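Please keep the sequence and the structure in view while reading.

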Amino acid sequence: MNKRSRIVNLVLSGGGIKGIAFVGAYEEIEKKYKRIGNIAGVSAGALVGALIGAGYTSRELGKIMKEFDFSSLTYGREITMDISIANSMRSIEQEKKVLNESDMDTLLHRQDYTELNLVRRSKEDFVGSRGNLLVNLIAFSKKNAFLNGELMESWVAQLLANKGIRTFSDFRGGIADKVNPRGYKVRMTAVDANTGKVIVLPDDMALYNVDPDKLEVAKAVRMSTCIPFVFDPVTIDYKDAENKPKTHYIIDGGVLDNFPVWLIESTDNNVIIGLKLEGKEPKGLSSAEHILKKLLHSSHDTGVPKNSYNIDNIAHINTGEISFLDFDISAEESLYLYNQGKLAVQKLFISMQKKNRGWRI
């Protein structure tokens, strides 16, 4: 079978500004596959996935990423980390000279931070060890956020509107299957911090008495990209089965699972390609920015064993030392990410060709 006649489904990981690499990766995919099936993404992958699903080409995406000033999303504040967890990190590093994974886990799960009084919660919320982590992320996000989620949402909404996309009803017509029964072409994940669970958007909006079809795609992208410590959490206010008012905090899906391959079903009639952003862990705590990068790295992908993926075709994109926090990225760094995306998919296609010599690449 000619590979270009097959349907390709895409899974895009999180990674903040490093998602620029997806543009180069998608350019290579466009050359090989004529039809895009379902798309799953989280965080940066949710944003790029929604734009691909809306019909943007890699050339158009490249123009958007080149022209948009991501620093315009800031509140005009400098990054500051004068919070309890940052002070604890500094103390441990001064004493031990190194801050290991166990130290970070202990700090992120502590229950005695003064910032916790910023979060409204009931006794049913934030239960267990995972709850301790998530309530801390919410509390510190409310105090430390420096990017404006409303501006992000407005920007995405306009881009989608340019292609005639507003709500998820506009994304109907994808491949319906047992993991996507409503047949949405694009779906994404976020985390309900109150319950400590990953939610699928738009499907799980029914839990909050919202018709999934009516959820605005830009709002969902904002939920999925709501990186702790960077954006304010998104709140959902609704009434439960007993008609009691409830407020739930929604944050970046990458906190619990930064690569949601389970959103796409594998069949003989399609191929799944995963695009996964990978880079070096930040070193040292020499500045507020370095502390924040360390926190972000340690607080993501805490819900699943590393590398426990159920697909074979993953393009591992090496993003070097660029952090997903580097919103003031230079033109040279953007080009580096773009080229790394292209290179990773080119390598993947060579590997796929060797395994499946009956397909023409």
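## Arg-172 and its partner

Arg-172 has a relative accessibility of 39% and therefore counts as partly exposed. In this predicted model, Arg-172 forms a salt bridge with Asp-213, and the closest N and O atoms of the two are 3.1 Å apart. The bridge joins distant parts of the chain, since Asp-213 lies in the loop between E4 and H8 while Arg-172 lies in the loop between H7 and E3, the two being 41 residues apart. Asp-213, at 17% relative accessibility, counts as buried, because the cut-off for that class is under 20%.

## A second pair between these loops

Glu-216 forms a salt bridge with Arg-166, with 3.2 Å between the closest N and O atoms. This pair too links distant parts of the chain: Glu-216 is in the loop between strand E4 (197-201) and helix H8 (217-224), whereas Arg-166 is in the loop between helix H7 (149-161) and strand E3 (186-192), 50 residues apart. Arg-166 is exposed, with a relative accessible area of 52%, and Glu-216 is partly exposed, with a relative accessible area of 34%.

## Other salt bridges

The structure holds 21 salt bridges, and among them is one in which the side chains of Glu-321 and Lys-280 meet at 3.7 Å, N to O. Here again distant parts of the chain are linked, with Glu-321 placed in the loop between strand E8 (314-318) and helix H10 (331-355), and Lys-280 placed in the loop between strand E7 (270-278) and helix H9 (288-299), 41 residues apart. Both Glu-321 and Lys-280 are exposed.

Salt bridges also form a network, which links Glu-27, Glu-28, Lys-31 and Lys-342.

## Helix H2

Helix H2 (residues 44-54) is largely enclosed by the rest of the structure, because eleven of its eleven residues are buried. The buried residues of H2 include Leu-47, Val-48, Leu-51 and Ile-52, together with the glycines Gly-45, Gly-49 and Gly-53; Ala-44, Ala-46, Ala-50 and Ala-54 are buried as well. In an α-helix there are 3.6 residues a turn, so residues three or four places apart point the same way.

After H2 comes Gly-55, which has a positive phi, near 115°.

Definitions and conventions: Residues numbered from 1 in each chain as written. Predicted model: local features only at pLDDT ≥ 70, side-chain atom pairs only at ≥ 80, totals over all residues. Heavy atoms only, no water. Salt bridge = Lys/Arg side-chain N within 4 Å of Asp/Glu carboxyl O. Helix = DSSP H or I, 4+ residues; strand = E, 2+ residues; numbered from the N terminus. Buried < 20%, exposed > 50% of the residue type's maximum accessible area, 1.4 Å probe, protein only.
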